[in-house]
Amino acid sequence: MSQTTALPPDSEALEAELARLRAEVEALRARAEAAEAAADHDVLTPALNRRGFVTALHRAMAYCKRHQVPAVLLYLDLDGFKGVNDTYGHAAGDAALVRVAELMRDNLRESDAVGRLGGDEFGLLMMNAGIEEGRDKAARLAETLKAEGFRHEGRTVPLGGSFGVRAWTGQEDVETWLAEADAAMWLRKPGRS
């Protein structure tokens with residue numbers, strides 16, 4: 001003989017309240033995860049922001065040190081970007097930055113990282129790659145920028161960029177590695193004083 005016990009009226013209300021609270025907790029968890037992901041991604045482009053990119057560099061340096069694998073950092077500064085904003089407006093400048101991030105991401109492996117470091121500067125991290133691979137990739141990306149540019153009001157606007165390339169050679173500090181790649185970029189920048 002099976003007995004079915006009916007829940008007291010208060011129990012049904014309690015179960016409904018628990019279900020509502022569980023759903024609310026799950027919604028808050030999803031919002032927290034989205035906020036955490038957004039904290040590391042650039043608000044404009046499909047790239048990591050500086051914070052996210054620095055985190056990727058920290059992880060890469062630890063991995064390289066532990067497993068004795070190479071990595072290379074490319075530092076990109078767009079050439080003549082102020083002219084894009086001045087000639088076509090800031091909306092066009094934003095479109096150019098989005099396009100640059102897309103081009104960089106589309107021309108790297110999934111295991112690599114692209115970050116917008118600020119303004120018109122980008123960092124590209126290539127794992128399991130040495131200095132020559134980095135230089136070759138920088139040359140090909142510079143050509144891609146020139147050839148493809150970005151579309152604005154029905155026409156293609158060319159882009160240019162200067163790349164600095166610096167291999168990981170045991171640098172202990174992310175900012176040192178970034179500064180070295182930035183300095184290498186400035187050596188190649190046209191019109192520098």
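Helices here are DSSP runs of H or I with at least four residues, strands are E runs of at least two, and both are numbered from the N terminus. With that settled, I counted six helices and six strands in the chain. I'm working from a predicted model, where local features need pLDDT of at least 70, side-chain atom pairs count only at pLDDT 80 or more, and totals for chains, interfaces and linings use all residues. Residues are numbered from 1 along each chain as its sequence is written, and side-chain values use heavy atoms, with hydrogens and water left out.

**Overall build**

I read the order from the N terminus as α-α-β-α-α-β-β-α-β-β-β-α. The radius of gyration came out at 24 Å, well over the 16 Å from the globule rule for 193 residues, so the chain is more spread out than a compact globule. (I took that radius over C-alpha atoms; the rule is 2.2 Å times the number of residues to the power 0.38.) Along the principal axes, the C-alpha atoms fill a box of roughly 90 × 50 × 30 Å. I noted 39% of the 193 residues as buried, meaning under 20% relative accessible area, with exposed over 50% and partly exposed in between (1.4 Å probe, protein chains only).

**Salt bridges**

I searched the whole structure and got 16 salt bridges, each a side-chain nitrogen of Lys or Arg within 4 Å of a carboxyl oxygen of Asp or Glu.

Lys189 and Asp77 pair at 2.4 Å, N to O. They link distant parts of the chain, 112 residues apart: Lys189 is in the segment after α6 (174-188), Asp77 in strand β1 (residues 71-79). Lys189 is buried at 11% relative accessible area, and Asp77 is buried at 6%.

In helix α1 (residues 9-39), Glu26 and Arg29 sit three residues apart, about one helical turn. Their side chains meet at 3.3 Å, N to O, in a salt bridge. I found Glu26 partly exposed at 44%, and Arg29 partly exposed at 44%.

I also logged a salt-bridge network linking Glu17, Arg20 and Glu24.

**Asp120**

Where does Asp120 lie? I placed Asp120 in the loop between β2 (113-118) and β3 (121-127). Asp120 is buried yet has no salt bridge, and the nearest side chain of opposite charge, Lys189, is 5.7 Å away. Leaving out residues up to four places away in sequence, Asp120 touches Leu76, Asp77, Leu78, Phe81 and Leu97 (contact means heavy atoms within 4.5 Å).

Conventions
Lys, Arg positive; Asp, Glu negative; His and termini not counted.
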